[in-house]
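Hi there,

Here is the structure I promised to pass on. Have a look at it first, and then read on for what turned up.

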Amino acid sequence: MDIAYFAIQKNWQGKHIGDFLIKQIADLARRQTLAGCQFLTVEALATKEYSAVGFYERCGFAPNEVKKPYKDTLRMYMTLYARDEAIDE
């Protein structure tokens with residue numbers, strides 16, 4: 001499941017709203033039964049002026065690629081299930 005254009009209004013940043021919403025998205029992805037979903041993915045903004053990479057790392061995402069100098073984003077992913085966690089079928 002890919003997260004696109006995720007942002008929190010500047011005056012609401014720093015209040016853990018983003019963390020809460022990411023957790024809600026992950027929980028929803030785990031509970032849905034229409035399709036199999038193993039990962040959340042995102043293109044995290046990563047420019048000199050602003051980087052969302054730290055936010056996504058704090059939420060449990062990891063880089064899925066090496067940062068490329070010609071890209072303003074970094075592809076990241078989060079595994080929805082622990083390695084030893086059983087997935088109900």
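Please keep in mind that this is a predicted model. Let me start with helix H1, which covers residues 17-31.

Which residues of H1 are buried? They are Gly18, Ile22, Ala26 and Ala29. Looking down the axis of H1, you will find these buried residues within an arc of 75°, so they line one face of the helix. The face turned away from that buried side carries the exposed residues Lys23 and Arg31. As for what the buried residues of H1 pack against, the partners are strand E1 (2-3), strand E2 (39-45), helix H2 (53-58) and strand E4 (73-79).

The largest nonpolar core has 20 residues, and the members that touch the most others are Ile22, Leu40, Tyr56, Phe61, Met76 and Leu80. At least two residues of this core come from each of H1, E2, H2 and E4.

Next, the strands. E2 and E4 run antiparallel and are joined by seven bridges; Val42 stands opposite Met76 of E4.

Finally, a loop residue. Ala46 sits in the loop between E2 and H2. Is Ala46 buried or exposed? Its relative accessible area is 13%, which is under the 20% cut-off, so Ala46 counts as buried. Again leaving out neighbours within four places in sequence, the residues in contact with Ala46 are Ser51, Val53, Lys67, Lys71, Asp72, Thr73 and Leu74. One of these, Lys71, is 25 residues away from Ala46 along the chain, yet the C-alpha atoms of the two are separated by 8.2 Å.

Happy to go through any of this with you on screen.

Best wishes

Methods
Residues are numbered from 1 along each chain as its sequence is written. This is a predicted model: local features need pLDDT of at least 70, side-chain atom pairs count only at pLDDT 80 or more; totals for chains, interfaces and linings use all residues. Side-chain values use heavy atoms; hydrogens and water are left out. Helices (H or I, at least four residues) and strands (E, at least two) are DSSP runs, numbered from the N terminus. The expected span of a helix is 1.5 Å times one less than its number of residues. Buried means under 20% relative accessible area, exposed over 50%, partly exposed in between (1.4 Å probe, protein chains only). The arc is that of the directions from the helix axis to the C-beta atoms. Contact means heavy atoms within 4.5 Å. A nonpolar core is a set of buried Ala, Val, Leu, Ile, Met, Phe, Trp, Tyr and Cys residues joined through side-chain atoms within 4.5 Å. Two strands pair if DSSP finds at least two bridges between them.
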